[in-house]
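Subject: Structure handover

Hello,

Here is the structure for your files. My notes on what was found in it follow below.

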Amino acid sequence: MTSKKAEPTPPEKLTRQQTPPQANVLTANDITMSLKAGYADFLARPLMSGFFGLFYAVFGILFVWCLFWLGSIWMIIPATVAFPLVAPFAAAGLYEMSRRLQREEPFGWSEILTVMANQRKREMGWMAFVTLFILWVWFYQFRTLLVIILQDASFSDLDGFLNTVFFTPEGWTFLVIGTCVGAFLFTVLFSVTVIAMPMLLEREIDFVSAMITSIRVVMENPVVMLSWAAIVSVTMLLSLLPAFLGLILTLPILGHTTWHLYQRAVAPAE
């Protein structure tokens with residue numbers, strides 16, 4: 001796209017946010033409009049957007065293959081559930097694409113990949129530690145419940161594991177408790193990252209303030225934001241069914257949409 005404005009301004013040169021931004025009130029229409037804008041961004045650069053989805057899909061395929069190769073059959077379910085939770089990191093390039101499209105700034109592969117690489121020097125790196133810690137808690141509690149509830153079960157293959165989990169009383173107990181714990185951890189991770197990730201890319205703000213702002217947006221708009229969480233979760237999980245290939249389309253659209261929802265959720269940068 002040809003620029004109609006001044007020289008592009010990369011996120012690294014933005015003025016530092018002095019105070020946490022104000023959280024706005026959201027409605028269901030904000031999700032609808034954000035989805036339309038996200039889809040428009042995808043259509044504007046379908047190949048570049050699709051690349052991020054393809055990369056994420058290939059990573060998922062290799063990850064599951066490694067679990068089979070290592071014989072860690074029990075990890076497939078928690079890994080599948082956790083897989084959508086790390087999508088915000090894969091979407092960093094999509095946020096930057098939407099940011100530049102919104103400002104009518106020109107960009108190519110070098111600009112987007114450079115911005116993504118530079119995030120390791122900024123506050124987004126700390127968000128990686130927060131995410132990894134919550135994911136570690138998720139895998140640890142899953143393993144703990146597995147040992148306590150299904151202690152006598154043997155998982156020599158995937159079919160045996162699924163039969164035990166879905167067709168035995170112990171498996172049902174495991175599923176109920178594991179689902180409740182997993183839902184709580186998912187809500188926590190979603191709340192601290194959904195607004196914080198795009199905010200950290202756009203603004204010079206510390207990651208704690210970004211997380212607080214993200215939590216505030218969720219708390220002040222619980223129905224809208226949890227509805228968005230449900231849309232993301234269901235869409236991502238369904239995208240895993242066709243050998244992860246559905247992510248090539250859904251991840252870019254959801255990533256672009258998240259950017260526009262973030263723009264509606266908080267006051268503009270000072």
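Helices here are DSSP runs of H or I with at least four residues, and strands are runs of E with at least two, numbered from the N terminus. This is a predicted model, in which local features need pLDDT of at least 70 and side-chain atom pairs count only at pLDDT 80 or more, while totals for chains, interfaces and linings use all residues. Residues are numbered from 1 along each chain as its sequence is written, and side-chain values use heavy atoms, with hydrogens and water left out.

S49 and H256

S49 lies in helix α2 (residues 46-70), and H256 in helix α13 (residues 247-265). Buried means under 20% relative accessible area, exposed over 50% and partly exposed in between, with a 1.4 Å probe and protein chains only. S49 is buried at a relative accessible area of 0%; H256 is buried too, at 0%.

The side chains of S49 and H256 make a polar contact at 2.9 Å. That term covers a pair of N or O atoms within 3.5 Å; within protein, one must be able to donate a hydrogen and the other to accept it, and residues adjacent in sequence count only if both atoms are side-chain atoms. A polar atom of the H256 side chain also lies 3.3 Å from the backbone oxygen of L94.

With contact taken as heavy atoms within 4.5 Å, and neighbours within four places in sequence left aside, S49 is in contact with D41, F42, L94, M97, P252 and H256. H256 and M97 are 159 residues apart along the chain, yet their C-alpha atoms are separated by 8.0 Å.

Nonpolar core

A nonpolar core is a set of buried Ala, Val, Leu, Ile, Met, Phe, Trp, Tyr and Cys residues joined through side-chain atoms within 4.5 Å. The largest one has 70 residues, and F174, I195, V217, M225 and W228 have the most contacts inside it. Helix α7 (residues 124-149) gives the most to this core, with 10 residues. Not counting residues up to four places away in sequence, I195 touches S214, V217, M225, Y262, A265 and V266.

Helix α12

The buried residues of α12 include V224, M225, W228, A229 and V232. Helix α12 (residues 222-240) has 19 residues and reaches 27 Å from its first C-alpha to its last, close to the 27 Å expected at 1.5 Å a residue, where the expected span is 1.5 Å times one less than the number of residues.

Regards
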